Amino acid sequence: MATAHESDGALDDVIDPELPASTYVLEPDLVAPLVRRIVTSHDGGTHRSTLPFTGAPLAAVPLSAPADVVAAVERARAAQHDWAGTPLAERARVLDRLGVLVLERQSEILDLIQMESGKSRRSAFEEVADIAQTCRHYVVRGRRYLADRREPGALSVLTGVRVHRRPVGVVGVIAPWNFPLTLALSEAIPALLAGNAVVLKPDPQTSLSALWAAELFAEAGLPDDLLAVVTGGGQIGAELVEHVDHIAFTGSTATGRTVAAKAGERLIGATLELGGKNPLYVAADADLDAAVPGVVRACFSNAGQLCMSIERLVLHERIADDFLERFVPAVRALKLGGGLDYTADVGSLVSAQQLEKVAAHVDDALAKGARALAGAVHRSDVGPFFYAPTVLDHLPDDAVCLREETFGPVVSVSRVASDDEAVHAMNDTELGLNASIWSADVARARRIAARVEAGTVVINDGYLQAWGSAAAPMGGMKASGLGRRHGREAIEAMTEAQSVVAQRGLRAGVSMDTLYAVGGDVPSRVLTGAMRVMRRLRLP
Ligand code: NAD
């Protein structure tokens, strides 16, 4: 069975490119204009992607060879010089058009995302909305984020400082398969606005969505070569890290460590968006009617294949039974399906490998004594990789799914007697991406949030309000990552701060050198006095 996942550089799905076109679900007419955008010399072979809903071959996608990565970065670097000199307003206009186009042309990309990832249309729409939001945010706020900053100098009167933000050059983006549009573009958007070029390597299973996004950028007016796409597995990803000036990586914590080590060796910046084992606490005062649908969405959106997805429910013992009485039937009622429409609540897992991992986590927990309140079955009647939304209770401490990210539709239940115990339970993991707190008292929830080790804490929602807040930095604490996407932080990661420090007063003959020319202890006495005055005046 075809798989989409690899992290050791090997790609086990490289195929004979001569297979007849009729083998594939996607018409060659639809695929050809997209694959033309790949930077490839056709030395890297061809990858066969799979339609997760049925397991049928979806498309044949040419792969890049390592030399193609070098060529893509060189071309991007050459194009970046002019782009950095293009007025910011013009760069922002391209993003503005992209945001309009993605909404206008959503039906095309919704189909493609669903067919490549197997997700529900609702989850695919969240990607479209995210890109429109991200474009709008940076169009409106980009000027402020990139503006020169005036700062006081060493001696306020004599020195003026301006801090400029300069693009790093070529930003590499490495993306996984679970959000094919969002993760292709959400780092590319601030990178390009800041005057960088981007070379993007999507997961081989979801290359077409990324290529569609690159095509849309071209339609929005982005000059050639500024957003190049290379295709391939871990070997091509690793090659990209060798040549770019900043790497924005989204994927597993294990691969993230490898990427970070290489970035450290090369002394380039790295933004790492990694895995999560995200907790959700339902406090004793939570409004359960409101909580139940929100918690269901938080756990099972994109069949749990979402980095911010909730995998651990922490319930206050006072409401635990009441909550589960409503939650479990709502989970059982979720409709699984693979149609290219909004009828299904939950789609398929992406691949046989993902299915295997999810089933192994559930089987391990059940074998160790856990009880399944819902799900725990492979739904092969719906499609080869579908798995029923699963709620596990009474898990022993050594259950694998309590520690390792499952990345599937599986949530565990635990009970606590107080908010303090809840904080302890939420923090009991090496990961720290997202957390959610449900309480009728938002001020109390904020106090709990301040003690939770997670890059985002969402009150009375699972993840969507945090992800959708494009101004709010998003990323992981602990082993969930380094750096943040969205907001000012994303722009700052992909630009270098340059301080231009000017001595004023040379014309009037006042400078550090005129002071030093006096000689003896005069300069140090004058400077000592000046520093005392500055302290009294509280000058920064
Ligand atoms: P993965 O780490 O296996 O692969 C991610 C990407 O890295 C793919 O494009 C892959 O080809 C590439 N890659 C693999 N080995 C590489 C190497 N040695 N050097 C450079 N690139 C390499 O991850 P996956 O299983 O495909 O994706 C799922 C993971 O992504 C989950 O852990 C999930 O939590 C995480 N994720 C995190 C976020 C976030 O924002 N924090 C978002 C989505 C997914």
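Me: How are α4 and α8 oriented to each other, and why do we say that?
Reply: In this predicted model, the axes of α4 (residues 106-117) and α8 (residues 207-219) come within 8 Å and cross at roughly 160°, and α4 and α8 are therefore roughly antiparallel to each other, a label used for angles over 145 degrees. Residues are numbered from 1 along each chain, local features need pLDDT of at least 70 and side-chain atom pairs 80 or more, while totals for chains, interfaces and linings use all residues. Side-chain values use heavy atoms, without hydrogens and water.

Me: And which residues of α4 and α8 make the contact?
Reply: On α4 they are E108, I109, L112, I113 and E116, and on α8 they are S207, L208, S209 and W212, where contact means heavy atoms within 4.5 Å.

Me: New topic: how many aromatic pairs does the structure hold?
Reply: The structure holds six aromatic pairs, counted when the ring centres of Phe, Tyr or Trp (its six-membered ring) lie within 6.5 Å. Among them is W177 with F407, 5.6 Å centre to centre with 70° between the planes, which makes the pair edge-to-face (planes over 60 degrees apart).

Me: Where do W177 and F407 lie?
Reply: W177 is in the loop between β6 (170-174) and α6 (182-185), and F407 is in the loop between α14 (400-403) and β15 (410-416), so the pair ties together parts that are 230 residues apart in sequence.

Me: Are W177 and F407 buried or exposed?
Reply: Both W177 and F407 are buried, meaning under 20% relative accessible area with a 1.4 Å probe, protein chains only.

Methods: Axes fitted to C-alpha atoms, helices over the stretch in contact; angles between N-to-C directions. Helix = DSSP H or I, 4+ residues; strand = E, 2+ residues; numbered from the N terminus. Parallel < 35°, antiparallel > 145°, perpendicular 65-115°, else oblique. Phe/Tyr/Trp six-rings, centres within 6.5 Å; stacked < 30°, edge-to-face > 60°. Buried < 20%, exposed > 50% of the residue type's maximum accessible area, 1.4 Å probe, protein only.
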